[in-house]
Amino acid sequence: MFQQLFKSIQEKVIVTQEEMELCKTFFIPKKLRKKQTLLQEGDICIYNAFIEKGILRSFYIDEKGNEHLVQFAIEGWWITDLSSFLTNSHSIYTIEALEDSELLLLTTAAREALMDQIPMFERYQRLLLQNAYIANQARINSALTETAEEKYINLGNAYPGIVKRVPQHMIASYLGLTPETLSRVRKQISNKS
């Protein structure tokens, strides 16, 4: 169950086998069925979730009832509402499984204790936050400057295989496109091939 997590940690920091074994004790294994939620809008986010298997999405619904997909998280990725998780505030997001999924959950208290006991885990968390901030900036730049076709191509690069695993209306929502526009973009790309 910890294979993807250990791979993620070892790609960023050096830890001993003993530290890896200790690390396991801080996580709560959790299975979610397709369409089951990890976090509901309005609740306080109590978990930072690592995806061992499956795919999750984070989204919010605006005042008009329109759904806005903020993030996909695939195997080897983390997902949470970081603001709610760190500040104990109510979340504006819902986090839902798009496939049957296996997660490793980390509470705020467990995260702090883990960073105290395994200092390299704090470095690992810092590197994750740095990468998330960089990805967030890239996403903003994409939304402001890229064509619909560029957004779609870059999505495939960031999330390999995602277009085969996720309904197209969710891909469109993530990219800020209508489903009709996404359909046209996909057709244009296939015509170029």
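A pocket is an open set of grid points with protein on both sides within 12 Å along at least five of seven lines, and its lining residues have an atom within 4 Å of a point. In this predicted model, helix 5 supplies the largest share of the lining of the largest pocket, 13 residues.

**Largest pocket**
- The space in the largest pocket amounts to about 1500 Å³.
- Its lining consists of 44 residues, and those nearest the centre are Q71, W77, A132, A135 and N136.
- Two or more lining residues come from each of helix 1 (3–12), strand 5 (67–73), strand 6 (78–79), helix 3 (82–87), helix 5 (119–145), helix 6 and helix 8 (168–175).
- By class, the lining of the largest pocket comprises 20 nonpolar, 15 polar and 9 charged residues.

**Annotated domain**
- An unreviewed UniProt entry lists residues 30–117 as "domain: Cyclic nucleotide-binding".
- Across residues 30–117, the chain is 42% strand and 18% helix, with 23 Å between the end C-alpha atoms.

**Packing of helix 6 and helix 9**
- Helix 6 (residues 148–158) packs with helix 9 (residues 179–192) at an angle of about 75°, and their axes are 10 Å apart.
- Because angles of 65 to 115 degrees count as roughly perpendicular, helix 6 and helix 9 are described as roughly perpendicular to each other.
- On the helix 6 side, A148, E149, Y152 and I153 make the contact, meeting T181, L182, V185, R186, Q188, I189 and K192 in helix 9.
- The contact of helix 6 with helix 9 contains 6 nonpolar, 3 charged and 2 polar residues.

Key: Residues are numbered from 1 along each chain as its sequence is written. This is a predicted model: local features need pLDDT of at least 70, side-chain atom pairs count only at pLDDT 80 or more; totals for chains, interfaces and linings use all residues. Side-chain values use heavy atoms; hydrogens and water are left out. UniProt positions are given in the numbering used here, feature names are shortened, and annotations may be inferred rather than shown by experiment. Helices (H or I, at least four residues) and strands (E, at least two) are DSSP runs, numbered from the N terminus. Axes are lines fitted to C-alpha atoms, for helices over the stretch in contact, and angles run from 0 to 180 degrees between N-to-C directions. Angles under 35 degrees count as roughly parallel, over 145 as roughly antiparallel, 65 to 115 as roughly perpendicular and the rest as oblique. Contact means heavy atoms within 4.5 Å. Ala, Val, Leu, Ile, Met, Phe, Trp, Tyr, Cys and Pro count as nonpolar, Asp, Glu, Lys and Arg as charged, and the others, Gly among them, as polar. On a 1 Å grid over the protein atoms alone, a cavity is a set of points where a 1.4 Å probe fits but cannot get out, and a pocket is an open set with protein on both sides within 12 Å along at least five of seven lines; lining residues have an atom within 4 Å of a point. Grid points are joined across faces, edges and corners, and a volume is the space filled by probe spheres set on the points.
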